[in-house]
Amino acid sequence: MSNVLGMKCRECGENYPIAPVHVCELCFGALELQYDLEAIATKVSRETILAGPKSMWRYKELLPIDGEPTVGLNCGYTPLLKADRLGRVLGLNNLYIKNDSVNHPTLSFKDRVVSVALTKAIEFGYKTVACASTGNLANSVAAHSAAAGLESYIFIPSDLEQGKILASLVYGTNVLAVSGNYDEVNRLCAEAGDKYGWAFVNINLRPFYGDGSKTFGYEIAEQLGWKAPDHVVVPCAGGSLVSKIYKGLNEFHKIGLIDSVPTKMYAAQATGCNPITSMITSGSEVMRPVKPNTIAKSIAIGNPADGYFAAETVRRSGGAAADVTDPEIIEGIRLLGRTEGIFTETAGGVTIAVTQKLAQEGHFGKDDIVVIAITGNGLKTQEAVADHMGRPTFIQANLSSLDTALRAEKLIATTAG
Amino acid sequence: MAVNVLIPTPLRKLTGEQETVHSSAGTIASVVADLDAQFPGFAGRITDDAGNLRKFVNVYLNEEDIRFLSGKETEVKDGDTISIVPAIAGGTS
């Protein structure tokens, strides 16, 4: 039985019944699900969660589905790891990585939102699902719809990384590669959704889809030992995740699972696509759309749907924002790789580099608990960084060739004593 | 020839469920005024009290966001297509 009371417009407060609708008819504001937190508090405790499955569905009572989950049963509950070696570089003693680059099954946080959206799509009776995507969402919708036996249509910008295209096609979906950037793909999808009546996970199912991201926040709090962190740094594309993590932490507080939420939220973007961070850093009340130009294609959204909410969340929480250049993004990917052994995609490079910048600007106390949201896997965006990772040393299969190479390349080696 | 305007689902109750409606050349502002005359209440849905487009409405002229053109003063010619799209759609992270 669902714990959702209904939907409400964030702008004008108009109420709506539960339906596959995402904007207010009166003012075009976003519709947000209203949960019965009092009822949830009577059903959910640390013990009930700990007794649940090792997946995001351990928080099922806080998700907007009526019955049992039917899609993405193994999604979520990804590692939260203490990043001491990266912490030493950044001057932070309590730095953590929430690592959704190993989320199941498509290696990005998108599996969370798609699991909820497709479970809900089936509850609504849809047979066909679709999405507009910069890649990770495409992979996730394609995989989950295949596993659920749903027909799917995936709309992507035609210049996406090959790895992300291939990792959609393999699931037997229909991939439509649109000439244009994500914002153009998205506009087409809004028009197509109206025409074909499909379940567009990030359009008409958006209120349900978005709340899948709350589990990212729940897991951080649970994995820290039922405690909210002091700071969370989040990559922003459409701008939903940063607000949903914050919402998740605050819901945990409201139902009595954690004592307080001192958390400050930080938005990370690429300088080549920074409508959200520039709105925050300039103190503007108006978000100016931009034409994206960055290697971080997964977050290259020039006209982010939830940009205003992201900025509001960052400001309300007392956080800040920063953006970084393409060379800084590549260095961020390398830094995470060589300190923590995690290969993240370009969006993760953004988040690491922004965290470094924020640390240098003095936003964090050295003993504060800082969590970096790593949302995608580097194996999907190899071509973006392929020319910047050095090269192997080529040798013959004999020891003299190895000795010569070690001397010539000044590689350090010690012989067995 | 006229100007074609694509109507999103949230506005179709006003247009009698028509997906495409027609107006005449001028500017975005004059098209909105004309549609308000055809479909009373139309302007109030997509513009605020000062007559500016609401924050969560995107308007495209032949696929280009009018904020990259001249906003509501953008010129509209016969044969052009205007698309009104809710801003709350899509987005990744």
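Trainee: Which residue stands opposite A:Gly6 in β3(A)?

Mentor: This is a predicted model. Strand β1, residues 4–9 of chain A, pairs with β3(A) in the antiparallel sense over 5 bridges. Within β3(A), the residue opposite A:Gly6 is A:Gln34.

Trainee: Which are the edge strands of the open sheet of 3 strands in chain A?

Mentor: The order of the strands is β2-β1-β3, with antiparallel pairing. An edge strand pairs on one side only. In chain A the edge strands are β2 (15–16) and β3 (31–35).

Trainee: Is A:Val113 buried or exposed?

Mentor: A:Val113 lies in helix α4, residues 110–124 of chain A. A residue needs 20 or more other C-beta atoms within 10 Å to be buried. A:Val113 has 33 C-beta neighbours inside 10 Å, so it counts as buried.

Trainee: How far apart in space are A:Val113 and A:Tyr209, C-alpha to C-alpha?

Mentor: In sequence, A:Val113 and A:Tyr209 are 96 residues apart. Leaving out residues up to four places away in sequence, A:Val113 touches A:Tyr209, A:Gly210, A:Gly212 and A:Ser213. The C-alpha distance between A:Val113 and A:Tyr209 is 4.7 Å.

Trainee: How is α13(A) oriented relative to α14(A)?

Mentor: Two packed helices are described by the angle and the distance between their axes. The axes of α13 (residues 326–340) and α14 (residues 346–360) of chain A come within 7 Å and cross at roughly 90°. An angle of 65 to 115 degrees counts as roughly perpendicular, so α13(A) is, relative to α14(A), roughly perpendicular.

Trainee: How many residues of the contact of α13(A) with α14(A) are nonpolar?

Mentor: Residues of α13(A) in this contact include A:Ile329, A:Ile330 and A:Leu336, and those of α14(A) include A:Val350 and A:Ile352. The contact also has 4 polar and 2 charged residues. The number of nonpolar residues is 8.

Trainee: What is the radius of gyration of chain A?

Mentor: Chain A has 16 helices and 13 strands, and 57% of its 417 residues count as buried. With 417 residues, a compact globule would have a radius of gyration near 22 Å. The value for chain A agrees with that: 22 Å.

Trainee: How many residues does chain B bring to its contact with chain A?

Mentor: Chain A brings 40 residues to this contact. On the side of chain B, β4 (57–61) and β7 (81–86) each supply at least two residues. By class, that side has 11 nonpolar, 7 polar and 7 charged residues. The number from chain B is 25.

Terms used: Residues numbered from 1 in each chain as written. Chains lettered and ligands numbered in written order. Predicted model: local features only at pLDDT ≥ 70, side-chain atom pairs only at ≥ 80, totals over all residues. Pairing = 2+ DSSP bridges. Helix = DSSP H or I, 4+ residues; strand = E, 2+ residues; numbered from the N terminus. Contact = placed C-beta atoms within 7 Å. Nonpolar A, V, L, I, M, F, W, Y, C, P; charged D, E, K, R; others polar. Axes fitted to C-alpha atoms, helices over the stretch in contact; angles between N-to-C directions. Parallel < 35°, antiparallel > 145°, perpendicular 65-115°, else oblique. Buried ≥ 20, exposed ≤ 12 C-beta atoms within 10 Å, placed from the backbone. Rg over C-alpha atoms; globule rule 2.2 N^0.38 Å.
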